[in-house]
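User: Hi! I'm new to this one, could you walk me through it?
Analyst: Happy to, let's bring it up.
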Amino acid sequence: MNKKYDLIIVGAGPSGVFTAYELIELGLTKDKKVLLIEQGKSVDKRYCPVEKAGKCVKCKPYCNITSGFSGAGAFSDGKLTLPNKDSDSIEVGGILDKYLGVEKTKDLMFYTDEIYLKFGADPHVEGLDNLDKIKEISDRATANNIILANCPIRHLGTEKSHELYKKIQDYLLANNVEIMFETNVVDLIVENNTVTGVKIQPSQSTDPSTICELSSDKVVLGIGRKGANWLSAMCSKHSIKNRAGVVDVGVRYELPDSVMKDVNEYLYEGKFVGYLPPYKDKVRTFCQNPSGFVANEVYDNDLTLVNGHSYKNKKSTNTNLAILASHHFNDPFEEPIKYGVNIGENANQLGMGNVLVQRLGDILNGKRTWDKELKTNSVVPTLKTAVAGDITYAIGYRTMVDILEFIKTMDKVVPGFAHPDNLLYAAEIKFYSNEIVIDNNFETSIKGLYSIGDGGGLTRGLIMASASGVQMARILKDII
Ligand SMILES: Cc1cc2nc3c(=O)[nH]c(=O)nc-3n(C[C@H](O)[C@H](O)[C@H](O)COP(=O)(O)OP(=O)(O)OC[C@H]3O[C@@H](n4cnc5c(N)ncnc54)[C@H](O)[C@@H]3O)c2cc1C
């Protein structure tokens with residue numbers, strides 16, 4: 001007979017983990033059987049070999065950066081982007097407020113932040129002091145048609161995130177949450193438009209005889225961006241209602257700390273947004289890492305994208321940040337995830353399986369970058385596995401124009417932003433474009449099946465993904 005659970009949570013990223021955490025706080029795990037299933041490893045076993053091996057070894061079956069307890073959060077920079085208390089909107093992190101309203105979402109995010117503090121997050125918050133200096137940067141931005149969203153940031157740091165999530169993992173295990181690591185949810189079981197369980201398989205196995213079934217009439221999907229492709233397939237197979245959202249495509253940009261000094265010092269992360277001619281697409285900076293390191297982000301099928309992080313103690317002399325252009329496709333093509341994957345694969349093909357890097361000056365002069373040129377470049381790449389080449393072969397004309405116009409305009413806000421030696425790594429793509437249709441209780445069109453976190457397009461960052469988990473637990477309180 002199938003093992004039966006009161007609740008199955010798929011994915012132990014921040015959204016799934018905080019669902020389990022809040023269920024403990026609500027006293028539900030004492031007599032309810034709650035199972036968390038994660039295809040990656042426990043957080044203490046997660047390790048990225050890139051530094052030792054000198055290159056990305058494409059860990060099998062899953063990348064340790066994006067899979068395992070705490071999901072993409074474990075190796076993330078751990079910047080908790082908090083809502084601005086004085087603002088009547090929530091500028092970044094996702095669309096949770098669309099379902100809960102702004103005030104409730106803010107309360108939830110502050111409550112979630114308290115949990116991070118309880119498990120050891122740094123009490124210091126960046127972006128609350130030096131308001132006159134921040135205003136100067138903001139005024140310069142406004143004068144150049146760029147908006148600066150001012151959000152306070154709590155910075156955990158990559159190595160501290162790891163420690164903090166280990167404590168949360170121990171807490172869940174000590175409080176009766178069952179966790180299956182290295183177990184892949186390969187399918188959902190749906191009967192009469194109602195979920196009745198999941199099919200699982202050991203992550204290492206491809207043998208169909210190792211698939212088995214678990215029963216539950218409540219299943220929460222917190223599968224993150226890395227599970228977005230799988231979720232898309234589940235939508236087609238089980239007729240889960242979804243819609244094509246925006247796909248964010250772009251580059252990781254690396255430049256000297258000295259150029260970004262003011263933004264780093266006063267804001268830690270500057271969230272700049274522009275809608276510049278000729279296309280007027282939304283272009284934004286995202287995930288800024290002062291004195292940080294550019295990193296690989298490896299997806300299934302070895303698709304290698306780029307990201308960045310920074311440590312609390314280990315420092316480079318460069319700042320990196322994403323520059324992303326938002327695109328929307330709906331007629332006749334409506335598969336934004338596929339579009340993003342194609343761009344990533346093109347870049348990988350040109351880099352022989354690696355991320356590509358190119359000097360800004362070379363792009364503007366219409367030439368590729370050569371490895372030997374990087375050796376004498378004033379900005380030294382922090383991602384050692386990146387291959388010098390020509391990113392414009394991989395990224396579409398419209399996106400490239402969006403990014404270059406944005407960089408040139410940003411040079412008026414932050415002098416030196418468009419220095420020819422600055423580096424563009426490709427491709428950085430955000431897979432939250434498969435938007436799952438959910439109601440205000442996060443329930444999908446399938447009864448008993450819920451979607452939270454980044455994977456279904458609800459959130460786009462740590463604090464909101466975690467907050468969506470907290471709210472999920474509160475919704476489940478009276479129904480499991
Ligand atoms: C390098 C890097 C740096 C980042 N830095 C920041 C930052 O500084 N600040 C910030 O706010 N955000 C940052 N992010 C983004 C942040 O990590 C995510 O927004 C957040 O982790 C989303 O949480 P989630 O629970 O929705 O999904 P995830 O964290 O992606 O977790 C999903 C989990 O589900 C598992 N899973 C997927 N499919 C299945 C399946 N079928 N069966 C079983 N398990 C499955 C995955 O293995 C994964 O562990 C960063 C991301 C990366 C990769």
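User: How far apart are the centres of domain 1 and domain 2?
Analyst: Taken over C-alpha atoms, the centres of domain 1 and domain 2 are 27 Å apart. The domain bounds come from an automatic or database domain assignment. This is a predicted model, where local features need pLDDT of at least 70, side-chain atom pairs count only at pLDDT 80 or more, and totals for chains, interfaces and linings use all residues. Residues are numbered from 1 along each chain as its sequence is written.

User: Which residues belong to which domain?
Analyst: Domain 1 covers 3-119 + 158-243 + 434-476, and domain 2 covers 131-150 + 246-430.

User: How many residues are in contact between them?
Analyst: 24 residues of domain 1 are in contact with 22 residues of domain 2. Contact here means that the C-beta atoms of two residues, placed from the backbone, lie within 7 Å.

User: Which helices supply the domain 1 side?
Analyst: Helix 6 (158-174) and helix 7 (228-238) each supply at least two residues of that side. Helices (H or I, at least four residues) and strands (E, at least two) are DSSP runs, numbered from the N terminus.

User: New topic: where does the ligand lie?
Analyst: Both domain 1 and domain 2 give residues to the shell around the ligand, so the ligand lies between them.

User: How many residues surround it, and which are the closest?
Analyst: 45 residues surround the ligand, and the closest are Gly 11, Gly 13, Gly 71, Gly 224 and Gly 453. A residue counts as near if its C-beta atom, placed from the backbone, lies within 6 Å of the molecule.

User: Which element gives the largest share of that shell?
Analyst: Helix 1 does, with three residues. Others giving two or more residues include strand 4 (79-81) and helix 13 (462-476).

User: And what about sheets, in what order do the five strands come?
Analyst: Five strands form an open sheet in the order 7-3-2-11-23, with parallel pairing. Two strands pair if DSSP finds at least two bridges between them.

User: Why is one side of strand 7 left without a neighbour?
Analyst: Strand 7 (177-180) stands at an edge with a single partner strand, so one side of strand 7 has no neighbour in the sheet. Strand 23 (449-451) stands at an edge too, also with a single partner strand.

User: How many bridges join strand 11 to strand 23?
Analyst: Three bridges join strand 11 (residues 219-221) to strand 23. Val 220 has Tyr 450 in strand 23 as its bridge partner.
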